[in-house]
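Here is a quick tour for anyone opening this model for the first time. Have a look at the structure, then read on.

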Amino acid sequence: MSLLAQLQLADSAFPGGLYTLSHGLESYAQAGPVDVAALLEDVLLHAAGPGDATALVLAHRAVRRDDWDTVVAVDQRLHAIKLNRELRAAATRTGNQVLRTAATVFATPELLRLVELTGAGATPGNHAVVLGTAYAGLGVAEDGAVTGDLYAFAASWVSAAVRLRRLDFRQAQATLYGAGPAIERAAAAALAARDPLDLYAATPIADTMSCAHERATARLFTT
Amino acid sequence: MHQHAHPAPATHLTTALDRVFKVGVGGPVGSGKTALIEALVPILLRRGHSVGVITNDIYTQEDADHVRRTLDGVLDPARIMGVETGSCPHTAVRDDPSMNLAAGAELLERFGDIDTLLYESGGDNLTLTFSPLLADVYVFVLDTGEGDKMPRKRGPGITDSDLLVINKIDIAPYVRADLDVMARDADRVREGRPVILTDALRGTGLPEVADFITSRRRACSPSA
Ligand SMILES: Nc1nc2c(ncn2[C@@H]2O[C@H](COP(=O)(O)OP(=O)(O)OP(=O)(O)O)[C@@H](O)[C@H]2O)c(=O)[nH]1
Ligand SMILES: [Mg+2]
């Protein structure tokens with residue numbers, strides 16, 4: 001059952017609005033030619049891995065030992081290291097929507113606790129923290145959970161690349177498969193983290209591109 | 001491993017958004033959805049409602065900006081929000097309206113008095129329907145310029161919407177569209193569900209649209 005729950009949560013059909021995000025790619029596409037595969041690898045290794053994926057792992061562990069102070073600390077730290085308003089808003093919008101649906105569907109005590117905490121304004125409810133909480137309550141092991149989540153991120157990335165006409169549908173699948181080693185490295189780094197202060201992101205150019213996106217006069221994607 | 005057979009009691013999960021009356025306004029590009037909303041808002045305000053507007057498919061900010069300009073001095077521009085949909089407008093209102101729900105929740109956080117949310121989304125007669133979680137009432141806007149065969153072409157937007165609006169009746173003669181044919185076919189394919197003919201620029205039919213929306217508010221939320 002935990003495998004089925006994981007497949008359901010990681011499926012792009014699980015409602016969370018992820019298809020409205022390009023994770024920064026649209027801004028690069030508007031600026032000129034872009035190597036989608038190389039950029040994906042960079043984002044996996046320097047932002048999604050040490051940031052969101054690490055938050056997922058740390059939240060998962062904290063939920064398992066019923067340590068909600070740490071769940072909140074992880075959530076707040078992840079919020080703080082997202083430098084752009086757009087990226088912060090996207091992570092909490094998708095997070096809170098996934099939370100509401102997951103809490104209705106799976107109804108684990110852990111998810112209901114997080115509904116209470118976000119409802120009271122105690123914690124922002126980032127997408128990664130919501131998923132870590134969901135997986136922990138559903139008995140999905142942390143290594144599978146983090147790999148699945150990074151895969152979902154990469155799948156969302158190549159889907160945005162297709163809609164931005166930077167990849168065709170076959171190139172997209174090849175790019176996704178080619179991202180495997182980067183996904184594994186990012187997952188391993190996330191699993192090695194111990195403390196909320198281990199969370200970081202170091203993508204100054206991508207952050208600058210996201211700033212430009214906030215003020216773009218035409219755009220398909222929220223981020 | 002946890003296994004929970006029953007969903008949580010709904011009270012845990014209801015939000016302010018669940019208690020607000022939400023109207024979806026859909027229809028093909030250029031049929032007059034924005035014009036209808038711009039004409040409807042002042043009527044709803046006069047009737048004592050507090051309104052917010054969320055526009056979809058804004059590759060640019062055109063729609064949101066247009067509403068802000070037209071309703072300048074009537075509706076606080078901060079009550080009008082645009083939502084980008086990653087080039088999937090019907091997904092954003094039908095299959096996975098997460099971002100629209102999030103936008104609604106944010107508007108309500110800022111303006112706790114809002115009792116009516118209008119959601120605009122472009123889409124054709126086949127793909128564009130609103131999730132019942134996003135819209136209590138779903139209005140589909142056609143216009144005479146698309147040709148008087150449109151009602152006969154059917155599709156969920158035309159046959160199943162709660163209200164079908166046939167807009168731009170003023171230009172019908174210039175595009176050789178027969179209004180009687182459109183109204184008759186619309187009535188036939190909708191099996192009695194309401195159809196209203198409008199001129200959104202001059203206001204013809206608009207009070208009737210507002211009446212319909214008000215009547216559905218009572219049906220959808222007994223407490224209101
Ligand atoms: N003659 C006439 N023109 C109208 C009417 N309603 C809208 N228009 C015009 O039709 C054009 C498109 O109207 P919009 O309200 O922008 O249509 P829309 O459905 O919101 O368009 P999108 O959001 O781009 O899909 C504008 O130039 C309007 O002024 C009407 O009843 N009669
Ligand atoms: Mg419009």
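## Around ligand 1

Start with S31(B): one of its backbone N or O atoms sits 3.1 Å from an oxygen atom of ligand 1, a polar contact, meaning a pair of N or O atoms within 3.5 Å (within protein, one must be able to donate a hydrogen and the other to accept it, and residues adjacent in sequence count only if both atoms are side-chain atoms). On its own, ligand 1 has 650 Å² of accessible area, and the protein covers 72% of that (Shrake-Rupley method, 1.4 Å probe; for residues, only the protein chains shown count as cover).

This is a predicted model, where local features need pLDDT of at least 70 and side-chain atom pairs count only at pLDDT 80 or more, while totals for chains, interfaces and linings use all residues; side-chain values use heavy atoms, leaving out hydrogens and water. Residues are numbered from 1 along each chain as its sequence is written, with chains lettered from A and ligands numbered from 1 in the order in which they are written.

## Who makes up the shell

Ligand 1 has 17 residues around it, and the closest are K33(B), T34(B), A35(B), D170(B) and A200(B); a residue is near if one of its heavy atoms lies within 4 Å. The shell splits into six nonpolar, five polar and six charged residues (Ala, Val, Leu, Ile, Met, Phe, Trp, Tyr, Cys and Pro are nonpolar; Asp, Glu, Lys and Arg charged; the others, Gly among them, polar). Helix α2 of chain B, residues 33–46, gives the most, with three residues. Helices (H or I, at least four residues) and strands (E, at least two) are DSSP runs, numbered from the N terminus.

## The sheet in chain B

Chain B has an open, parallel sheet of seven strands, ordered β3-β2-β4-β1-β5-β6-β7; strands pair if DSSP finds at least two bridges between them. Its edges are β3 (80–82) and β7 (195–197), each pairing on one side only. Between β5 (residues 137–143) and β6 (residues 163–167) of chain B there are five bridges, and L142(B) stands opposite I166(B) in β6(B).
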